[in-house]
Amino acid sequence: MRKPTKRLPHPRLQRTAVHPILHRIQAKHHKVKTQLFGKHPHVEKFFQDRGLDLSEIRSHSAKIIGAGALTASFLLTPPSGIKSLPVPQEIIEKLRSRSQSLPDATPKGLLVKSLREILPEKVRPLTHDEEKLLEQIIDRLLGIKAKASLEGEHLNTTFGLIGAEQHLKRYPGDSLAAHGAGKILQAGVAPGLGAWGQFAPTKAELTPSLEEKERWYAVVQTMYLPDWNRRLPYLRDWYRYRKVLIVNTQNGNTVVASIADAGPAAWTGKHFGGSPEVMFSLGGPTYKKGPVLLFFVDDPQNQIPLGPVDYTKGAI
Amino acid sequence: MSKVFYDHLIVLDELEREVNRTALSPSEKEELWQMIDEIIHHRVLGCVMDNLPSHHHHDFLTRFHDAPHNDALFVYLTEKTGKDAVKLLKGEIAAVADELLGEFRGKRQRPKRFLTSKKRSKQNPQKKPGRQNK
């Protein structure tokens, strides 16, 4: 008699030592997928015919949006250097003359006003021209060379929502108490590790520089970069501790941070994350989410310290 | 920026907190994020297919494939289903979020109709099961 064939579980379930929650969500994922394609087989066929998996809908969407933006820039950018956006000095001078008698005619006040003039109401990827203009304004007002694209790398968006993150474990056995004191500890320590693992293999090897990197860390969605998987070894190293400038577009508070984790998930509605210290500096103790600009800092000599930006040192 | 037209309806703060509380390796965390995202896409599409008359399925799928980010898909769905598409998808996403939270909290959130009379009487000791009343 023929033996009954043993039905193999879904490939994702065939691994061993999977975290229980991961196992449960994998099973749920399989069930949901089977339900949809069982009830509506034409949906599966539709996507198969187009060589697309529904699980890739975000990257597919990113490609379409990217291609659309590129086409629009070819079609709409004036060919002879005529720009629709004003030059940065023009914006700064206009704002300065308008608000000379006002107390907020400070570099910070000017930055906030400039951002209001340039940025759209809702967060979205900025155009190349908008990014270039902002780079120059930041350079003039803060004296920091901030770049939307650095060494050919560019994030999916430079204007998005930042969310509060927890402290990261810096070495095996690290505890919350070792991360400082006061309200800053309320965020707690993330139970897992950051995308680049621990900062140091032991407590003794945790240098002041690494300590600063964790204190002022930023989170960006590296995993959604279109070429992340293809160029993983290079990009992983390139983004690790990469310095970024984060500007709270509502109050002008600005922080230089280093990238030390990947996230947040697309379904959170956020685009960036900040350590408890970063969030505190950007918006105070209750600041959990808000619109920010996030640009790379062009600092090959490592001269710009991490932490809040001092406006008095600006180049205005 | 990756975007689908119903992104603004996905508000899963509670689920995010649960994920953050789970000790996963970075790769496991990313895998989990991806699976949750995929679960939402499949359920939303299932909801659309269930409510949209079948002769519009292909047209919708084509529009969705060509511009997954296009907000006009809501207008299309509202028109073709005769229902408020925003409300419909919001409800479906909330239901998925509840189910996923149930998975995180280790409980199978089964509807009450599946509970045995014994369990039901445990939950509500005032009311006795029907058979004993006879």
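The accessible surface of chain A amounts to about 16400 Å², and carbon and sulfur atoms account for 55% of that area. The model under discussion is a predicted one. Chain A contains 316 residues, of which 47% are buried. Its secondary structure consists of nine helices and ten strands.

Helix α2 of chain A, formed by residues 41–49, has A:V43, A:F46 and A:F47 as its buried residues. Because these residues fall within an arc of 90° when α2(A) is seen down its axis, they line one face of the helix. A:Q48 and A:D49, on the other side of α2(A), are exposed. The cover over the buried residues of α2(A) comes from both chains: it includes α1 (20–39) of chain A, and also α2 (26–51) and α3 (57–66) of chain B. After α2(A) comes A:G51, which has a positive phi, near 65°.

The next topic is the nonpolar interior. In soluble globular proteins, nonpolar side chains tend to be buried together. In this model, the largest nonpolar core comprises 54 residues, and A:W267, B:Y6, B:I36, B:I40, B:L45, B:F60 and B:F64 have the most contacts inside it. Two or more residues of this core are given by each of α1 and α2 of chain A, and by each of α1 (13–21), α2, α3, α4 (72–81) and α5 (85–104) of chain B. The largest share, eleven residues, is supplied by α2(B). Leaving aside residues up to four places away in sequence, B:Y6 touches B:I40, B:H41, B:V44, B:F64, B:F74, B:L89 and B:I93.

The interface between the chains can now be considered. The size of an interface is often given as the accessible area lost when the parts come together. Chain A and chain B bury about 4900 Å² between them, with 65% of this on carbon and sulfur atoms. A:I25, A:R58 and A:W267 provide 17% of the area that chain A buries against chain B, more than any other three residues. In terms of contacts, 51 residues of chain A meet 51 residues of chain B. Charged side chains also take part, with six salt bridges between chain A and chain B. A salt bridge joins the side chains of A:K28 and B:E99, at 2.4 Å from N to O.

Terms used. Residues numbered from 1 in each chain as written. Chains lettered and ligands numbered in written order. Predicted model: local features only at pLDDT ≥ 70, side-chain atom pairs only at ≥ 80, totals over all residues. Heavy atoms only, no water. Helix = DSSP H or I, 4+ residues; strand = E, 2+ residues; numbered from the N terminus. Buried < 20%, exposed > 50% of the residue type's maximum accessible area, 1.4 Å probe, protein only. Areas by Shrake-Rupley, 256 points an atom, 1.4 Å probe, with all protein chains shown as cover. Arc of directions from axis to C-beta. Contact = heavy atoms within 4.5 Å. Core = buried A, V, L, I, M, F, W, Y, C linked by side-chain atoms within 4.5 Å. Buried area = accessible area lost by both parts, 1.4 Å probe. Salt bridge = Lys/Arg side-chain N within 4 Å of Asp/Glu carboxyl O.
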